[in-house]
Amino acid sequence: MEDNVVLTARGITMTFPGVKALENVDFTLRKGEIHALMGENGAGKSTLIKCLTGINDFEAGEIRLEGISGPVKNHSTKDAQDIGISTVYQEVNLCPNLSVAENLFIGREPMTKFHTIDRKTYNTRSQKIMDELGISVDVTQNLENYSLAIQQMVAIARAVDMDCKVLILDEPTSSLDDEEVEKLFVLMRRLKDKGVGIVFVTHFLEQVYAVCDRITVLRDGRLVGEYPIADLPRVKLVAAMMGKNLDDLAEIQKETEENVRNNDLEISARGLSHAGTVKPFDLDIHKGEVVGIAGLLGSGRSELARAIYGADKASTGTLAVDGKQVKINQPIDAMNLGMGMLPDDRKAEGIIGDLSVRENIILALQAKRGMFRQLSRAKQEEIADRYIDLVQIKTASRETLVKQLSGGNQQKVILARWLATDPDFLILDEPTRGIDVGTKSEIQKLIVKLAGEGKSILFISSEIAEMLRTCNRMAIMRDGQKVGELDHDLTQENVMKAIAGGEAHE
Amino acid sequence: MQGKRKMNGHTILLLITVGLFIVLYAGGCIAYGSKGFSHLQTFLNILITNAGLICVTCGLTIVMLTAGIDISVGALIAMDCMILAVGMRSGMNAVVMVLIVLVIGIAFGTFQGFLVGYLQIQPFIVTMAGMFFCRGMTAVICTEQVSITQQTSALFYAWANAKINIPFGGYINNKGKYMTPYIRPSVVIALLILVFTFIMLRHTKLGRSFYAIGGSEQSAAMMGLNTKKVKMRAYMLSSILCSIGAVCYCLNTMAGSVSQALGLEMDAISSSVIGGTLLTGGVGNVIGSFFGVLINGTISSIVKTNGKLASSWPNILTAALLFVFIVIQSVFAMLRNRRK
Amino acid sequence: MNKNSTWARIKAWPLFLPVLSLILVMAVNIVHDVYIGANPFSFFMITLRETTGNGTILYGRIIDILNRGSEVAILAIGMTLVVSSSAGTDISVGSVMSLCASFCCMLLAGYGVSSTSELARPLFVGVLGGILLGVLCGMFNGTLVAYFRIQPMVATLILFSAARAIGLLLCNDLIVYVRNGTFGIFGSYLGIIPTPVIIAAVCIAVVAVLLKKTALGMYIQSVGINDKASRIAGLNSRRIIFLTYTICGLFAGIAGIVASSRITSADSNNIGLYFEMDAILAVALGGNSLGGGKFNLAGSIIGAYTIQAITTTLYALGVASTQAPVFKAIIVIIIVSIQSEPVKNWFKKRNLAKQTKGVA
């Protein structure tokens, strides 16, 4: 094994029924580096990680770890942990009902001579660990009392304290806001200095360049290459991931400009709020307009949309749709007024996994018609086929279960569900999150096209660039409050400044 | 700050439970003091009658902490009692029979635990089948009621009738005789089990693993716990404690019959829930469950002392309490979610 | 190869498990009949027979199974919907049956009367009252599960332990006998056909039509699979769960009336005893996941009759009624073990190994 290398994987091959998930993939991790593992959905990132951590049994190839002679093969995450490979996932894998200290030490508690757990020792030791890592918590408190970011750091602290040589961070930043991400980066750098090899998986390109030393790119289950960060500028990285150029994205902007803006108001909110998440806000959306909501995660951008749609019932304020005052208590009320909402959490609030593509597509339309006016089977099939074709859902048949589709196609199914109801006003909350770049651009084009048909769209995204391409106007959210709107000079810099707020200028 | 932290929703629930017991019991003393309700012996009788239930509830609390359920306990008690009764009738030694029953409990629990833990079958279904099985087996062993008398086993009879006197709290009855309050050996067993379970849950690896699995099974597995094994242990413990409870139960009833301990599983579950154990797992402890049993026992005792109330009242009242408690639990949970 | 795929297709058929179990039970019967030297097809024989009480009626083991299995079949309808929408079971149905029977008999006999041949109120008042009480119980369960978000098993535990006791209270701790021919009709014969069979058939037909002609089925499954997503897509998921429990209560009421009419009395302690278990078992035997989501009503119904067939067969084999649960338990465990993920995976792996060996 070459110097400084902590982990090597050579020729890893793994097949799922009918699909070659990984084919002859190599991966090398060095001590004290943060190594980004990049690739689109289906590129094989998660499969590779699962092979490293023992969740998947790979068919061919070998994994070697520093300090262990001969190839290692893990059969469970426990095996992997025992030899020093730890993983922290986006969903925190700790027990919320136990204290922070217990979460750090579970499974390896210090014992007293009576074979009982030595609470005192592990409480003091935990506090020391947390202090050392600069995480300020009271370790005797239950984990559920802390924010997701802290929970994630506790998970990392646990991994570190278990003498891990390899720390795998699988999309840890997806549910964190910028400040929390920065804290996490501080922690990551500290661990790096301690000599831990970190594998970092993320969808955010900025984060890769902010913290990583090296990038390994996968595509379609094959290795594209391994690059030092300096040798791979963004454009090249995207090109490596996509395997094609992205000219089509550039053209979208033009179409938006040509959009004829209608002056009739579709949505007019006055003083709308949801207790605890969004402070009262005013918002007007015209017909045929795409309004973006820019803000950090947790800034209330999703909650604003949810309050309009009735996903969370508004606590105060009034809402007028198409000039008429309305009262929305739950989503169906909003739907009857011609609204639709694609929620940000696709798995939890979007798809009905065990139902077919057809049923998923007609669900909202059927709900609008009511239980007793069932769409005939023929009609259902016709609608399903039409939208499968229209938004180009890649599925074996319309009766395929939606859970069997890839993430991007699931997203398209939900989009199809709303298009089938022919909405006047569509809320799209992170429609492009976690889906591949090709589908992303398709969805962006579709948004522009819908606006062209006179529909109004509220578009929420973490990627400012993507909103710049599609939106006519942007509302800025900060700390649960709508702080302003931008309708000209829509540039990345302006939006960023607005999001960051006054402090940014000082 | 420390004090504030400790006052979370679960602690409040436990306090409500303890408070409720005190209010109920005090109410009973005031209303039926003239009928002897206020004597210490009345309280001790609640312990004696429910000794078996205390053991069973400890086991059930463990299972419920892992977000599982064990509804086989009532039937298992019936089967154990029948085995005890029939075994002693055929001249077996009481000690041997008790050991046999415990071994059966371990074997039965291990099998149920295997099905839940390793085959990942829903606990409700597994233990429902377990319940059918035990009830049926009781009938297979003997369809009639079999009593244990001094003739069948002098030793067992002696255990059942042994009194452990309490040196205080006695009273002079209307014939002028001083009545020494007493408990039976079964109460000692039950209280030992209670203490054992409490320590096990709080201070051992296994105990904390039950909580971890109840909090998040996936996380527990990710953190390297052998969740399958831990779950199996939970059901094993439940059946063992239930078998110990069966011995206590049998010491009270001195008989084995098919319809014995019918619906006891529901008493145990409701005691646990009233005691603050969340059915979603991860929260609760046996002290609460103990008070749950006491509350149920007090209600029965009050109804019995009254003498005029229909026999179905304890059931209805317990159900009403259960209703109140789970509604409170759910309201707490909803408030929590809203705060988040 | 072709043979293999046909077999695979049969195995993938949703009714594979329930039908297979039913066939197995029948096979046991045939073997037993042959063994004791009777006509091997006596299980399937249906004859007309004169009786003293009911005139000419259909007679045969199958008729008996259909007749005796009616209550469980009726309960299984509601249970299937409840399981699907809420991933939980309604364990109160047996107790609610008993409560409804008690209420119905109390209405018919008058409070405190233990035996009567004269109806105190018109028949329909009693029957409707009983069924309505069932609906109310269902609504109570539904409120707790849907609106208070209490785990179904716990929520229904309340009525499980209270309903039977309330029934006893309504009957003043007595077994109320309604010795009136008109009340007995629901448990005896209508013409030559047993009335319970007709009632069960009507219930099944009504629900089947409801599921076919409305979107209820899809709503229930959708909510059962993903409650939150269903809400966002415009379904009132709370109301749908509430509805399934109400329906379940309705059928518990109907089953209670039938059970009570059979014995023309309200025996609070025995009516519906363990029926919740049979109903849940029927759902599981019907190939439905107890984890909610997709359901197959036909499977549950076949499951219900299979359970009755098992019971009848056991009695025919000379097993005492108190001992029968042992066999039920063993059957349950075998079924659920085969259906469990680890066992399925093990089979899959073995098959795969066989295939690769074959190729090599």
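Axes are lines fitted to C-alpha atoms, for helices over the stretch in contact, and angles run from 0 to 180 degrees between N-to-C directions. On that basis, α13(B) and α14(B) pack at about 120° with their axes 7 Å apart. This is a predicted model, in which local features need pLDDT of at least 70 and side-chain atom pairs count only at pLDDT 80 or more, while totals for chains, interfaces and linings use all residues. Residues are numbered from 1 along each chain as its sequence is written, and chains are lettered from A and ligands numbered from 1 in the order in which they are written. Helices (H or I, at least four residues) and strands (E, at least two) are DSSP runs, numbered from the N terminus.

- The angle between α13(B) and α14(B) makes the pair oblique; angles under 35 degrees count as roughly parallel, over 145 as roughly antiparallel, 65 to 115 as roughly perpendicular and the rest as oblique.
- Contact (C-beta atoms, placed from the backbone, within 7 Å) joins B:Asp267, B:Ser270, B:Ser271, B:Ser272 and B:Ile274 of α13(B) to B:Ser289, B:Gly292, B:Val293, B:Ile295 and B:Asn296 of α14(B).
- This contact of α13(B) with α14(B) comprises three nonpolar, six polar and one charged residue; Ala, Val, Leu, Ile, Met, Phe, Trp, Tyr, Cys and Pro count as nonpolar, Asp, Glu, Lys and Arg as charged, and the others, Gly among them, as polar.
- Helix α14 (residues 286-306) of chain B also packs with α9 (residues 185-203) of chain B, at about 150° and with the axes 9 Å apart, so α9(B) is roughly antiparallel to α14(B).
- On the α9(B) side, the contact is made by B:Leu194, B:Thr197, B:Phe198 and B:Leu201, and on the α14(B) side by B:Val286, B:Ile287 and B:Phe290.

**Chain interfaces**

- Between chains B and C, 41 residues of chain B are in contact with 36 residues of chain C.
- On the side of chain B that touches chain C, at least two residues come from each of α7 (123-141), α13 (264-274) and α15 (313-339) of chain B, and α7(B) gives the most, with twelve residues.
- That side of chain B divides into 27 nonpolar, 13 polar and one charged residue.
- Between chains C and A, 21 residues of chain C are in contact with 25 residues of chain A.
- Helices α10 (216-225) and α11 (227-232) of chain C are the elements that give two or more residues to the side touching chain A; α10(C) gives the most, with six residues.
- The side of chain C that touches chain A has nine nonpolar, eight polar and four charged residues.

**Sheet and helix in chain A**

- Four strands form an open sheet in the order β11-β10-β13-β14 (chain A), with antiparallel pairing; two strands pair if DSSP finds at least two bridges between them.
- The edge strands are β11 (278-286) and β14 (324-326) of chain A, each with a single partner strand, so one side of each has no neighbour in the sheet.
- From one strand to the next, the twist averages 20°.
- Three bridges join β13 (residues 316-321) of chain A to β14(A) in the antiparallel sense, and A:Lys324 in β14(A) is the bridge partner of A:Val321.
- Helix α10 (residues 301-309) of chain A lies across β10 (265-274), β11 and β13 of chain A, at about 110° to β10(A).

Technical notes: Two residues are in contact if their C-beta atoms, placed from the backbone, lie within 7 Å.
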